[in-house]
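Trainee: Hi! Could you walk me through this one? I'd like to start with what sits inside.
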Amino acid sequence: GSSMARWLRKSIGLIEAPNISRFVRSETELSRAKALTVGHQDLDSLIRLKLLRPQPLEAAFSFVFVRNPFTRAVSLWKYLTRKGHYPSSRSFRAFIDDIVRENSKPGPYNLSGLSMASPMACWVEQERWHGPSVHYRMENLDDAIKDLSARLNVENDFPRVNTSPPATDPLELSIDTIDKILSFYQRDFELFGYSVDPPEEAFRISTKH
């Protein structure tokens, strides 16, 4: 997300409105924006609050990046821990337990509890507008950047910022944790066509519960 925002800010003047106060302060600026991102805010919620109108969203080109639910969950755990939004003492297994128990949903905010870990379908399957025009996979990032560059007539190189350090060893997953991920992110697996088997290069299956 940070890399994409930097790329589009430099290339096409992307305007960022990561919170409601930005909408209130900069209504004129936002109305003239050629490109807009609202961070992790839910667009349905912003339409409901009359901060956005559905008609321009329907007419605009919009896109979203999705990711394998297994690797996305790990990435979110590391990110939220690194940013201090989640206790560093809590294991990945505990993180999954917490997001399942909390079951928080996206709204007109960037982060409320563990809302950032909500299923991707919550952002994509919208009720007040049709949702993003195009879905890209993070696993095919280079191809996605080429397609976006052509669609948006962008020639600048894509930056790589705010990336997590590569994992040195596969993360151990218990059968119990796998079942919880499959259940909590069931719609994501269905909607985006990801395998229900954890990627072998990133995970090691444990028989312990």
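Mentor: Happy to. A nonpolar core is a set of buried Ala, Val, Leu, Ile, Met, Phe, Trp, Tyr and Cys residues joined through side-chain atoms within 4.5 Å. Buried means under 20% relative accessible area, exposed over 50%, and partly exposed in between (1.4 Å probe, protein chains only). This is a predicted model, where local features need pLDDT of at least 70, side-chain atom pairs count only at pLDDT 80 or more, and totals for chains, interfaces and linings use all residues. Residues are numbered from 1 along each chain as its sequence is written, and side-chain values use heavy atoms, leaving out hydrogens and water.

Trainee: Okay, how many residues are in the largest nonpolar core?
Mentor: That core has 28 residues, and F92, F95, I99 and Y185 have the most contacts inside it. The elements giving two or more residues to this core are β3 (63–66), α6 (69–82), α7, α10 (175–184) and α11 (186–192). Helices (H or I, at least four residues) and strands (E, at least two) are DSSP runs, numbered from the N terminus.

Trainee: Which element gives the most to this core?
Mentor: That is α6, with six residues. Apart from this core lies another one, of 14 residues, with A5, W7, L141 and V154 among them.

Trainee: Back to Y185: what does it touch?
Mentor: Leaving aside residues up to four places away in sequence, Y185 touches P69, R72, A73, I99, A117, S118 and P119. Contact means heavy atoms within 4.5 Å.

Trainee: Which strand does β3 pair with?
Mentor: β3 pairs with β4 (residues 134–137) in the parallel sense, over four bridges; two strands pair if DSSP finds at least two bridges between them. F63 stands opposite V134 in β4.

Trainee: And S115, is that buried or exposed?
Mentor: S115 counts as buried because its relative accessibility is 2%. S115 lies in the loop between α7 (92–102) and α8 (121–124).

Trainee: What does S115 touch, beyond residues up to four places away in sequence?
Mentor: S115 touches E102, S104, K105, P106, Y109, N110 and W123.
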